[in-house]
Amino acid sequence: MSCPNCNQNLLNGVFYCDVNDYRVIDNLNDRNLIFIIETHEIEDDNEEIGDNQNIQYCNHQDCRYLKFPED
Ligand SMILES: [Zn+2]
């Protein structure tokens with residue numbers, strides 16, 4: 001599977017709802033930031049914080065294409 005925008009191979013990552021933003025991280029053990037998708041104003045104690053989903057992404061030259069499993 002390659003990126004529809006720039007034709008690079010998509011990489012595996014995790015879509016993660018962090019305290020201040022939605023972000024792409026490498027995996028749930030290390031939680032290394034790949035890039036921030038957008039900030040949000042969700043309260044810290046909201047159950048949505050910590051939500052996560054395995055996705056594929058492209059970060060070639062800040063492409064930031066996301067592919068969710070249901071797409
Ligand atoms: Zn791309």
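## Strands E1 and E2

Phe15 has Val24 in E2 as its bridge partner. This is a predicted model. E1 and E2 run antiparallel, and four bridges join them. Strand E1 covers residues 11-17. Strand E2 spans 21-25, and a loop links E1 to E2.

## The sheet

E1 and E2 belong to an open sheet of five strands. The order is E3-E2-E1-E4-E5, and the pairing is antiparallel. Strand E3 (33-39) and strand E5 (65-67) form the edges. Each of these edge strands pairs on one side only. From one strand to the next, the twist averages 35 degrees.

## Tyr16

Tyr16 lies in strand E1. Is Tyr16 buried or exposed? Tyr16 has 22 C-beta neighbours inside 10 Å, so Tyr16 counts as buried. The cut-off for buried is 20 or more.

Which residues does Tyr16 contact, leaving aside neighbours within four places in sequence? They are Arg23, Ile25 and Asn52. Leu33 is 17 residues apart from Tyr16 along the chain. The C-alpha atoms of Tyr16 and Leu33 are separated by 9.7 Å.

## Asp18

Asp18 sits in the loop between E1 and strand E2. Asp18 has 18 C-beta neighbours inside 10 Å, so Asp18 counts as partly exposed. Partly exposed residues fall between the exposed limit, 12 or fewer, and the buried limit, 20 or more.

Terms used: Residues numbered from 1 in each chain as written. Predicted model: local features only at pLDDT ≥ 70, side-chain atom pairs only at ≥ 80, totals over all residues. Helix = DSSP H or I, 4+ residues; strand = E, 2+ residues; numbered from the N terminus. Contact = placed C-beta atoms within 7 Å. Pairing = 2+ DSSP bridges. Axes fitted to C-alpha atoms, helices over the stretch in contact; angles between N-to-C directions.
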